[in-house]
Structure formats: structure tokens, C-alpha cells
Amino acid sequence: MRLIFLGPPGAGKGTQSLLLLQRHGVISLASGDILREAIRGNEPIGKEADRFMKAGQLVPDDLITGLMLDRLGKLAKNQSFVLDGFPRTKDQALALDAWLIEHRHKPVDLIIDFEMDEDKILKRLEGRRICRTCGASYHMKNLVPKKPGQCDHCGELLQVRPDDQPETIRRRFVVYHRQTEPLLEFYGSQKKVRPVPGDLEIEAQYQALVEVLKKERLVA
Ligand code: AP5
């Protein structure tokens with residue numbers, strides 16, 4: 001299965017792609033995680049991306065497209081995957097389509113649109129914490145680490161994501177509406193978009209996602 005997860009910041013794309021990996025072996029390529037990893041590793045691409053991300057803006061198309069297509073190319077040809085956060089502009093979508101046709105002879109199967117009200121997202125993102133070393137994501141109420149303030153995986157300290165300040169989140173909403181939402185029309189014309197509510201509890205949201213995938217015969 002080849003999926004794209006779309007939806008506003010904080011609607012649960014990363015959380016649901018992790019569950020799909022754990023329960024169905026679907027590899028997740030999360031553009032934001034890959035960029036944050038490059039920032040933590042002091043890589044030139046990370047240095048270039050950092051200022052855009054801190055400002056709540058999209059990084060340039062050529063930078064993210066090169067990075068994501070390179071990662072895609074490293075997956076086995078028949079590997080199921082979800083693209084979490086990519087594409088986010090029409091140019092990225094066109095580049096992805098062309099790459100898939102050339103290298104996999106098949107386009108994406110489905111676009112999942114996680115729908116959620118912005119006020120609820122703002123409230124939700126107040127509670128997000130990420131590990132400053134490995135990037136694992138938690139929530140103070142909904143996905144609590146075993147030891148307060150510490151990562152379950154590496155024991156390092158958790159922190160607020162730099163772009164989770166309310167002002168920056170609002171800017172990310174604006175950017176989402178302006179640059180990414182038009183993709184719903186683009187993929188909608190191919191009849192590939194399926195909505196999933198973002199404001200359910202994590203497990204209920206997962207069940208709603210799996211229902212959609214079952215209907216499309218992408219999971220048994
Ligand atoms: P990215 O990291 O992709 O951020 P985003 O799209 O803004 O999405 P988030 O990670 O904020 O939210 P999410 O929907 O994954 O929610 P999550 O599951 O984490 O991108 C960051 C930046 O990188 C961009 O602003 C841009 O600068 C750059 N970038 C990335 N891709 C790019 C591209 N293609 N082109 C250009 N630039 C790009 O959940 C959020 C929190 O809520 C967590 O704490 C979680 O535990 C909790 N939670 C999740 N689900 C639920 C639930 N159902 N109920 C209760 N709590 C929940």
C-alpha cells in the first residue's frame with residue numbers, strides 16, 4: 001500500500017503512521033522527522049531547513065523533494081509505505097507522481113485527510129513533548145512517557161517542539177491552508193482522498209483509519 005497522510009499540524013499524522021508501522025509493518029517516511037533528524041545531526045540540509053521550520057514556513061520544494069525521493073528510493077520496490085507530511089505543495093506532488101511512475105510504475109493508492117478543528121489542535125499541541133535526542137513524540141495527557149519528562153526509548157529529556165509556540169502554530173495553519181490544502185482538490189480529482197476524523201482518541205482514530213483501509217482492500 002502506498003499512502004499519503006495529509007491534514008493540518010497536530011491532527012495525528014505522525015501518531016497514526018507509527019501505529020500502522022507497529023501493527024501492519026507499513027514504513028513511515030515523515031518529512032518533518034527527517035528534517036529534525038538532519039538538524040540534530042548538524043547536517044547542511046538541517047541548517048538550511050531550520051530557519052524555515054522555526055518560522056512555521058515550508059522548506060524549499062527542491063530541498064524536501066530531493067530528500068524524500070532519495071529515502072523512497074532506498075525502500076524495497078514492493079514495500080508498503082506512508083508519506084507523512086510529504087507532498088505539501090503541488091510541485092512536490094507532481095515530482096512524487098513522476099518519480100513513482102518512473103521507478104515503481106504505479107501512483108499512490110490513497111490520500112488520508114485527517115480533519116480537525118484548529119482550536120482543538122491548539123489545545124492539543126500545548127501538551128506535545130518530543131525527545132531532544134531521538135525525536136520520539138509524547139503527550140502530557142494522551143501519550144504519557146513512563147517516567148515524567150523522560151524519553152521511554154533513550155532516557156533523555158523531553159522538550160516542547162520549537163515550532164509548537166501558539167504563534168508559530170497559527171502560522172503553520174495559514175501555510176497549510178494556502179499551500180497544502182489545494183492538494184485535496186488535486187488528488188480529489190483522482191478520487192483518491194478519504195477523510196478520517198482527527199479529534200477522536202488515538203485508538204478510535206486508528207480504528208477509523210483501518211476501516212477506510214479495509215474498505216479499499218488495502219488491509220485484510
Ligand atoms: P511536520 O513535522 O510534518 O509537522 P506538521 O505537519 O505540522 O505535523 P505535526 O507533526 O505537528 O502533527 P501530526 O499531525 O503529525 O500530529 P502528531 O501525531 O504528532 O513538519 C514540521 C515542519 O517541517 C513544517 O512546518 C515545515 O517547515 C517542514 N516540512 C515538513 N514537511 C515538509 C514538506 N513536505 N515541504 C516543506 N516543508 C516541510 O500529534 C500531535 C500531538 O498530539 C502529539 O503529542 C500526540 O501524542 C498527540 N495526539 C495525536 N493524536 C491524538 C489523538 N487522537 N488524541 C489525542 N492526542 C493525540
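1. T168 counts as buried because its relative accessibility is 8% (buried means under 20% relative accessible area, exposed over 50% and partly exposed in between, with a 1.4 Å probe and protein chains only). T168 belongs to helix α7, residues 166-180. Helices (H or I, at least four residues) and strands (E, at least two) are DSSP runs, numbered from the N terminus. Residues up to four places away in sequence aside, T168 touches K54, A55, G56 and D163; contact means heavy atoms within 4.5 Å.

2. A word on the basis of this note. The model is predicted: local features need pLDDT of at least 70 and side-chain atom pairs count only at pLDDT 80 or more, while totals for chains, interfaces and linings use all residues. Residues are numbered from 1 along each chain as its sequence is written, and side-chain values use heavy atoms, with hydrogens and water left out.

3. At what angle do helices α2 and α3 pack? Helix α2 (residues 31-40) and helix α3 (residues 44-54) pack at about 120°, and their axes are 8 Å apart. Axes here are lines fitted to C-alpha atoms, for helices over the stretch in contact, and angles run from 0 to 180 degrees between N-to-C directions. On the side of α2 the contact is made by G32, L35, R36, A38 and I39, and on the side of α3 by I45, G46, A49, D50 and M53. By class, this contact of α2 with α3 has 6 nonpolar, 2 polar and 2 charged residues. Ala, Val, Leu, Ile, Met, Phe, Trp, Tyr, Cys and Pro count as nonpolar, Asp, Glu, Lys and Arg as charged, and the others, Gly among them, as polar.

4. The surroundings of α2 deserve a separate point. Its buried residues are S31, G32, I34, L35, R36 and A38. These buried residues pack against β2 (27-30), α3, α4 (61-73), β3 (81-84) and β5 (128-131). After α2 comes N42, with a positive phi near 55°.

5. Which residues come nearest to the ligand? Of the 35 residues around the ligand, they are T15, Q57, R88, R128 and R172; a residue is near a molecule or strand if one of its heavy atoms lies within 4 Å of it. A polar backbone atom of G10 is 2.8 Å from an oxygen atom of the ligand. An N or O atom in the side chain of K13 is 2.9 Å from an oxygen atom of the ligand. R124 places a polar side-chain atom 3.2 Å from a nitrogen atom of the ligand.

6. The loop between β3 and α5 (90-104) holds T89, and P87 is also in the loop between β3 and α5. P87 is joined to F86 by a cis peptide bond, with omega about 0°. T89 counts as buried because its relative accessibility is 8%. The side chain of T89 reaches the backbone nitrogen of Q92 at 3.1 Å. Neighbours within four places in sequence aside, T89 is in contact with L58, D61, Q179 and L183.

7. A95 lies in helix α5 and counts as partly exposed, at 27% relative accessibility. Residues up to four places away in sequence aside, A95 touches T65 and L69. A95 and Y187 are 92 residues apart along the chain, and their C-alpha atoms are separated by 14 Å.

8. R2 is part of strand β1, residues 2-6. Is R2 buried or exposed? R2 counts as buried, because its relative accessibility is 12%.

9. Most residues other than glycine have a negative phi. K191, in the loop between α8 (182-188) and β8 (193-197), has a positive phi near 60°. R217, in the segment after α9 (202-215), has a positive phi of about 60°. K191 is exposed, with a relative accessible area of 66%, and R217 is exposed at 77%.

Note on methods: Polar contact = N/O pair within 3.5 Å; in protein donor to acceptor, adjacent residues only side chain to side chain.
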